[in-house]
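Student: I have a structure to go through and I'm new to this. Can you take me through it?

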Amino acid sequence: METVTQVNETNLSFDDTAVAFAGQPDEMLRRKYLIFAAMNNPLLTSAGSSVLKKSFDWGLPVKGIVKETIFEQFCGGETIEESEKTINELAVLNVGTILDYSVEGEKTEEVFEATAREVLRTVEKAKNTPSIPFCVLKLTGIARFSLLEKLQQEGNLTEGDRQSLEQVRSRLDMICRSCKEAGVRIFIDGEETWVQNAIDQLVYEMIKKYNSESAVVYNTFQMYRKDGMQQLRKAMHFAATHQVWLGAKLVRGAYMEKERERAAEMEYPDPINPSKEVTDDLYNQGLKFCLDNKQRIALCSGSHNDYSNYYLTLLIEKHGLKRNDPRVWFAQLYGMSDNLSFALAAHGYNVAKYVPYGPVKHVLPYLIRRAKENTSIMGQTSRELQLIKREMKRRGIRLL
Ligand SMILES: Cc1cc2nc3c(=O)[nH]c(=O)nc-3n(C[C@H](O)[C@H](O)[C@H](O)COP(=O)(O)OP(=O)(O)OC[C@H]3O[C@@H](n4cnc5c(N)ncnc54)[C@H](O)[C@@H]3O)c2cc1C
């Protein structure tokens with residue numbers, strides 16, 4: 001495998017905190033430091049998460065403080081309109097926005113309908129906004145989890161289940177068709193292995209229907225899965241057989257603990273790779289596979305990993321592609337890894353960020369996951385906090 005040093009000639013550096021925090025005045029950086037320093041503390045994060053959940057349940061007036069701190073750090077706003085400022089700020093730095101309606105909670109047919117309508121609003125917004133290259137959908141936002149589980153287990157679907165499934169298919173079809181008509185691409189997020197086959201089944205129906213001229217619908221490939229490469233190869237075979245484009249969003253995967261716990265509890269083989277190194281290696285193999293098949297695959301690499309991001313720039317160069325070839329995108333989450341996003345964008349690569357939005361109370365589970373991700377592991381300062389500290393030192397900003 002090529003080494004990182006080979007990209008030096010492009011002067012691409014992920015250590016340049018001046019580029020990473022260019023859009024952030026001193027006061028904003030100091031605020032960011034306080035938020036990330038608080039999240040770095042495991043005790044505070046753990047206690048804070050349960051206190052926040054309870055406070056919302058009890059109707060205590062905590063929304064304001066959450067909105068001005070952690071929400072502001074990781075979300076665009078409560079609505080598409082409120083997210084406008086973030087969309088524009090990212091666009092100035094040549095970074096696209098992927099509006100992610102991140103509402104989690106109640107799961108009724110009415111809520112699924114409302115979510116589908118909201119996703120359609122993001123499609124409409126993307127159609128009229130050049131800096132919104134993709135939309136995104138989590139299938140369990142428009143489908144009952146237990147229905148997908150049942151579908152995957154090939155259990156006997158009742159008449160009611162069959163009707164619900166038709167409704168899910170029709171919501172998904174309406175969203176994908178609108179994307180095709182609007183010239184907008186859509187990512188379907190990857191979820192737990194025990195519903196993913198059912199999700200795949202529905203997504204490949206859409207890929208077959210809408211990806212004949214270009215990749216409109218992207219499926220997600222989680223490379224922390226032992227069968228990550230097989231899934232990718234199988235999808236490529238499907239695309240070749242049906243003469244369509246495969247849209248592939250590669251990620252490492254977000255449900256590792258949950259996957260392992262369930263496998264242990266139900267006594268089936270752990271579907272996750274035995275180590276981080278194996279996942280890293282498979283992820284990079286996946287990137288290579290996509291570029292090797294660039295005549296049929298359009299790729300988005302969703303990662304905060306320095307090496308994988310560097311490696312993709314190497315592959316782009318090796319394949320003689322322009323840095324902004326529409327088939328290759330980099331993506332990160334809003335509020336994280338600006339050192340990667342802004343450096344890649346400054347060097348002319350296609351970059352976009354997931355910008356979650358929705359009512360504070362409903363976005364809370366997403367925020368808690370981000371807080372936990374930024375907590376110190378074995379006493380090590382989180383990656384983000386290290387970068388913020390370095391930039392404060394460079395600017396000579398005192399902590400208080
Ligand atoms: C734009 C974007 C979209 C995303 N969409 C999805 C999605 O649709 N579905 C989804 O599941 N996730 C999604 N994620 C989250 C993603 O899967 C990762 O959890 C997260 O980005 C961290 O991985 P990383 O590539 O940034 O690299 P790193 O931070 O270097 O890697 C951390 C990841 O490595 C893996 N890992 C860690 N330890 C081990 C171990 N011991 N054994 C095996 N593997 C290990 C885990 O997947 C862990 O999350 C998305 C992330 C981004 C940036």
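Tutor: One term to start with: contact means heavy atoms within 4.5 Å. Also, this is a predicted model.

Student: OK. Which residues does Ser-337 touch, leaving out those up to four places away in sequence?

Tutor: Ser-337 touches His-304, Gln-332, Lys-353 and Glu-384.

Student: And where is Ser-337 found?

Tutor: Ser-337 lies in the loop between S7 and helix H14 (338–346).

Student: Is Ser-337 buried or exposed?

Tutor: Ser-337 is buried, because its relative accessible area is 2% and buried means under 20%.

Student: Switching to the sheet. What is the order of the strands?

Tutor: The sheet is open, with eight strands in the order S1-S8-S7-S6-S5-S4-S3-S2, and the pairing is parallel. Strand S1 (96–101) and strand S2 (134–137) are at the edges with a single partner strand each, so one side of each has no neighbour in the sheet. From one strand to the next, the twist averages 30°.

Student: How many bridges are there between S3 and S4?

Tutor: Strand S3 (residues 185–188) and strand S4 (residues 217–222) pair over two bridges, in the parallel sense. Phe-187 stands opposite Tyr-218 in S4.

Student: Which strands does helix H10 touch?

Tutor: Helix H10 (residues 228–242) packs on the sheet and touches S4, strand S5 (246–251) and strand S6 (297–302). The direction of H10 makes about 170° with that of S5.

Student: And helix H12, what does that touch?

Tutor: Helix H12 (residues 276–292) also packs on the sheet, touching S5, S6 and strand S7 (328–333). The direction of H12 makes about 155° with that of S6.

How values were computed:
Residues numbered from 1 in each chain as written. Predicted model: local features only at pLDDT ≥ 70, side-chain atom pairs only at ≥ 80, totals over all residues. Heavy atoms only, no water. Pairing = 2+ DSSP bridges. Helix = DSSP H or I, 4+ residues; strand = E, 2+ residues; numbered from the N terminus. Axes fitted to C-alpha atoms, helices over the stretch in contact; angles between N-to-C directions. Buried < 20%, exposed > 50% of the residue type's maximum accessible area, 1.4 Å probe, protein only.
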